[in-house]
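Here is a friendly walk through a protein complex, written to be read with the model open beside you.

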Amino acid sequence: MGDHHHGPAKGLTRWLFTTNHKDIGTMYLWFSFAMFILGGFFAMVIRAELFQPGMQLIDPAFFNQMTTLHGLIMVFGAIMPSFVGLANWLIPMMIGAPDMALPRMNNWSFWILPPTFLLLASTLFMEGGAPAFGWTFYAPLSTTYAPPSVTFFIFSVHVLGLSSIMGSINIIATVMNMRAPGMTYMKMPLFVWTWLITAFLLVAVMPVLAGAVTMMLMDIHFGTSFFSAAGGGDPVLFQHVFWFFGHPEVYIIILPAFGVVSQIIPAFSRKPLFGYDSMVYATASIAFLSFIVWAHHMYTVGMPVAGELFFMYATMLIAVPTGVKVFNWISTMWRGAMSFETPMLFSIGFLVLFTIGGFTGLMLSIAPADFQYHDSYFVVAHFHYVMVAGAVFSMTAAIYFWLPKWCGRMYNETMGKTHFWISFIGFNLAFFPQHFVGLAGMPRRIPDYALQFADFNMMSSIGAFIYGASQILFLYNVIATIVAGEPTSEEKVWDGAEGLEWTLPTPAPYHTFETPPAVK
Amino acid sequence: MGFKAKRLVQAALAPVLLLTSVVCAAAGELSSVNMSPGVTVVGREIYDLHMIILGICVVIGVLVFGVMFYSIIYHRKSRGVTPATFHESTKVEIAWTVVPFIILIAMAVPATTTLLDIYDTDEAELDIIVKGYQWKWKYEYLTEDGDNVAFFSNLRTPQAEIYNVEAKGQNYLLEVDEPLVLPVNTKVRFLVTANDVIHSWWVPQLAVKKDAIPGFINEISTRTADEGVYRGQCSELCGKDHGFMPIVVNVVSKEEYAEWFAGKQAEAAEVNDLMAQTFAMDELMDRGQSVYTRNCLACHGADGEGGVGTAIAGSAIATGDVSGHLEVGINGVPGTAMQAFGGQLNDVDMAAVITYQRNAFGNNMGDLIQPIDVYNYKKGQ
Amino acid sequence: MVKLSDNPSIDTATKLVGLAVVMFAFVFVVMVPLYDVLCDALGINGKTGAEAYTSVPAAVDESREVTVQFIATNNEGMPWGFSPSTTTMKVNPGAVNDTVFLASNPLPFAMVAQAIPSVSPARAAAYFHKTECFCFNRQPLDGGDSAELPLQFIVDQDLPKDIGTITLSYTIFDVTERAAGDLASR
């Protein structure tokens with residue numbers, strides 16, 4: 001066990017064989033950023049085509065491949081792995097553990113990801129093109145009518161599901177068994193709590209996704225007919241199975257984001273988080289409710305009216321715990337002594353925009369109104385407010401917040417703030433007008449549109465380009481910080497930050513908490 | 001510094017104010033930024049419900065963000081405040097769990113009423129089967145005597161407009177060759193289904209949206225109120241040309257409708273007559289070109305150069321045996337995107353388009369295929 | 001709780017792997033069959049059950065007439081002629097009714113079809129009983145042949161009062177390939 005006390009190995013093998021939670025966290029973060037750029041590039045292609053009415057750059061078939069890959073890569077390649085990376089870095093440091101509970105599995109769960117996404121991206125160059133049936137891959141478009149590359153897509157989904165399950169098992173095992181003495185569950189930082197609940201959601205629903213794609217595989221290659229009416233199956237069954245996974249998946253993405261914001265807002269308000277207990281209970285209620293609302297994605301599919309009512313009421317209920325969270329964050333800010341460094345700006349951006357996304361979510365939950373919103377750009381606007389301004393903004397906030405701790409160097413504050421304002425303006429310019437075109441009747445996933453949608457689409461494209469470009473500034477700022485940022489050795493990089501990770505030296509050493517810390 | 005901070009806050013507030021004002025503007029029924037109240041009672045009801053929920057959300061939003069921005073302005077470190085230390089209050093937590101719950105109940109009541117109105121099963125006066133195809137719609141009017149009127153409704157916008165060769169028309173992408181025609185003040189029931197993948201039939205102004213699922217049937221009804229032309233689109237991703245299968249509904253007076261319907265029935269009879277006729281080459285070529293433009297061009301290209309489908313110019317099928325060409329046209333090519341058009345085109349149109357394909361694009365086969373040939377081919381299979 | 005390993009982390013992980021496996025099985029063992037049961041009970045997609053209704057018919061309700069509409073559609077790639085012999089019938093709830101659908105195979109070789117029934121409004125599905133239906137089995141037809149496909153049904157007396165019209169739709173699918181085994185053994 002001697003080399004535990006040495007630093008990292010040198011060269012490539014350090015990364016290939018590492019079992020160190022910080023190394024693996026770093027790899028997850030860089031990988032997810034690379035995927036964010038790739039998925040973002042696809043989004044730019046989509047927005048460029050939609051800049052004006054008419055087909056200019058790509059053909060409709062390729063457009064569908066772009067929307068599909070953009071969705072899949074952003075959800076499974078960018079957002080989810082980025083939060084796993086954050087969990088890897090932070091959870092052991094936050095609960096006073098030396099490493100993750102199952103370090104070797106941790107290594108595998110990361111390293112199976114890059115080849116999988118390489119395979120998924122390579123379908124673009126296959127005969128018949130990449131999957132073109134949307135990230136929700138409804139049967140029979142994704143079975144009987146799918147391009148041959150669907151088999152590789154199914155394989156990719158299986159592997160990335162496996163990776164997520166392994167990562168989640170690791171997180172649960174770590175939180176349950178590796179806490180420092182005195183670190184009771186109700187003393188854990190909220191980020192750890194939200195991730196614990198998220199990890200349980202993942203273990204419960206990723207197998208359901210695996211089940212759905214397995215049924216597709218069997219329908220395509222082994223003559224079953226789960227999703228084909230001809231053999232006694234039903235294409236609508238696919239949607240039920242998919243959304244039984246899909247709705248909890250949405251919370252899998254957003255709950256860790258809640259956790260991040262719950263760490264950052266108190267730090268810059270210099271005041272403890274308001275209503276810690278209720279935050280934990282609210283998170284748990286949201287997770288529970290996520291299992292009984294899936295069919296609100298399917299109001300127009302032809303459900304019995306009793307079903308519509310049940311799913312409508314259950315969905316509306318989610319507004320209660322979500323509201324509690326927003327109120328708690330604002331109460332945390334109330335009568336604090338706030339300062340507005342970049343992480344705080346992104347957190348406030350998150351708070352405002354996520355709340356708008358929550359409102360549109362509430363509107364979408366109203367079944368009769370959803371008959372007009374469903375599958376329109378209003379939905380696109382809604383989930384980008386939640387996914388981008390929710391998950392991605394909070395992820396960005398997290399990087400600015402903890403990066404100085406990780407590498408012992410301070411990022412450039414002016415550049416960080418500039419990044420925030422450009423992102424904020426670009427984001428809103430891109431997605432706010434999409435509410436309008438959606439309400440006015442523009443369906444989603446179309447490569448070309450009627451003339452009355454032209455102005456807002458052009459605005460939207462310009463906004464998207466601005467938001468996209470702002471990420472280059474982010475990348476530059478992060479690299480510049482790591483390479484040549486102003487060194488800092490303050491343990492508490494932020495004067496208001498609380499938690500075990502801030503009791504460690506800065507930069508955080510390769511091995512931490514080999515002897516458990518004392519928790520008051 | 002304080003001044004600068006204030007400026008910053010104003011800058012932060014500006015977009016929020018802008019958003020709020022835009023939302024308020026939207027309330028002014030500007031159809032380009034808001035849902036259309038449409039022309040049906042149910043549509044109006046949905047619109048009112050939408051505005052109520054939106055209104056409640058805006059009010060809550062203004063209150064919540066108001067508190068937040070007040071806090072951002074006054075509770076800043078740069079103002080030298082000392083942070084408070086309170087961090088919990090059961091009473092407050094209960095209050096902001098219960099109050100939203102009550103608001104939700106207030107929203108659920110009108111929502112439930114509207115939903116039940118949508119699901120009402122009053123006798124319809126007119127039943128129409130709406131069937132989604134990759135990538136067009138087929139409408140079939142059910143009649144008591146079984147003499148149904150059925151036709152396909154294809155995108156009419158020419159490829160030249162889509163690919164920016166010509167200027168785009170006013171109803172770009174929202175125009176079809178044959179619209180659905182409905183009589184005014186009539187309860188119409190749509191029986192929605194699909195031929196291949198899932199589609200969704202959406203006409204915003206009639207407040208009608210229902211998924212079309214292959215093998216199963218869904219129903220939704222509307223009561224037409226105002227005469228006019230209402231446009232919609234397929235709203236469920238259904239493959240390559242999902243964006244190019246619009247819906248146009250003409251609501252006309254009952255007299256006009258009766259006339260149109262009689263015309264449609266006569267047209268069907270006329271096609272029967274035409275079947276017995278022999279056509280000259282130029283007649284077939286003219287008719288064939290229009291059939292080609294509507295049905296074949298999207299996949300095979302304006303000049304038969306191919307695309308999703310194989311090239312027709314110089315192809316083995318179009319320059320080979322006539323019966324082989326008929327076979328492909330009528331029964332399609334299983335396992336490919338080439339559909340069986342035998343059930344979609346009448347024999348006259350089939351004869352015309354086959355003739356066109358064999359003589360256009362430099363194929364110059366000189367063949368003349370008559371409706372009777374198509375009929376005999378189908379019969380003889 | 002049972003301990004599966006002395007190492008607490010391995011213990012937790014093993015249990016979680018168990019949970020994942022259970023959830024995977026849940027899709028096949030619970031969700032799929034449960035969906036079928038719910039479809040039959042609630043008439044989701046207007047499904048009316050794939051087996052003959054065998055209950056004894058109760059008294060005929062002469063006081064009420066329900067209109068039954070018949071629709072026939074072909075799924076993609078199905079070249080058969082397929083249509084109802086009558087498009088509408090007025091029936092009394094409780095009475096046994098007969099009708100036929102006409103099918104013809106225009107192609108020169110034998111094919112097998114499967115008809116899938118769907119009832120609209122979906123709420124009526126649970127009250128529409130088929131005592132005999134060509135949709136219970138695959139229907140083979142030799143090249144150039146045609147056939148009358150029989151249907152016998154009862155509309156339940158408990159059909160909600162506000163439903164006056166029931167639409168029964170059949171979609172036929174070409175299942176020749178699926179049924180290749182059946183054909184070979186014929």
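Which residue in strand 10 of chain B is the bridge partner of B:Pro183? The partner is B:Val252, and the sheet around this pair is described below.

## Reading the model

This is a predicted model, in which local features need pLDDT of at least 70, side-chain atom pairs count only at pLDDT 80 or more, and totals for chains, interfaces and linings use all residues. Residues are numbered from 1 along each chain as its sequence is written, while chains are lettered from A and ligands numbered from 1 in the order in which they are written.

The model scores ipTM 0.91 and pTM 0.89. For chain C, the average pLDDT (the predictor's confidence in each residue, from 0 to 100) is 85, and 93% of its residues score at least 70. Where pLDDT is low, the predicted coordinates should not be read in detail.

## The sheet in chain B

Chain B holds an open sheet of five strands in the order 4-10-9-6-7, with mixed pairing. Strands here are DSSP runs of E with at least two residues, helices are runs of H or I with at least four, and both are numbered from the N terminus. Two strands pair if DSSP finds at least two bridges between them. Strand 4 (180-183) and strand 7 (208-212) of chain B are the edge strands; each has a single partner strand, so one side of each is left without a neighbour in the sheet. On average, neighbouring strands are turned by 20 degrees against each other, direction ignored.

Strand 4 of chain B runs parallel to strand 10 (residues 246-252) of chain B, and four bridges link the two. Helix 5 (residues 254-275) of chain B packs on this sheet and touches both of those strands. The direction of helix 5 makes about 135 degrees with that of strand 4 of chain B. For such angles, axes are lines fitted to C-alpha atoms, for helices over the stretch in contact, and values run from 0 to 180 degrees between N-to-C directions.

Strand 1 (residues 66-74) and strand 3 of chain C are antiparallel and share four bridges, with C:Val68 partnered by C:Met89.

## Where the chains meet

Between chains A and B, 76 residues of chain A and 80 residues of chain B take part in the contact. Two residues are in contact if their C-beta atoms, placed from the backbone, lie within 7 Å. Helix 11 of chain A gives the most to the chain A side, with eight residues. That side divides into 50 nonpolar, 19 polar and seven charged residues. Here Ala, Val, Leu, Ile, Met, Phe, Trp, Tyr, Cys and Pro count as nonpolar, Asp, Glu, Lys and Arg as charged, and the others, Gly among them, as polar.

Chains B and C meet through 27 residues of chain B and 26 residues of chain C. Strand 1 of chain B supplies the largest share of the chain B side, three residues.

## Backbone details to look up

Most residues other than glycine have a negative phi, and most peptide bonds are trans. In the loop between helix 5 (113-122) and helix 6 (150-177) of chain A lies A:Phe137, whose phi is positive, near 30 degrees. A:Phe137 is buried, with 25 other C-beta atoms within 10 Å. A residue is buried with 20 or more such atoms, exposed with 12 or fewer, and partly exposed in between, with C-beta atoms placed from the backbone. A:Pro140 lies in that loop too, and the peptide bond from A:Ala139 to A:Pro140 is cis, with omega near 0 degrees.
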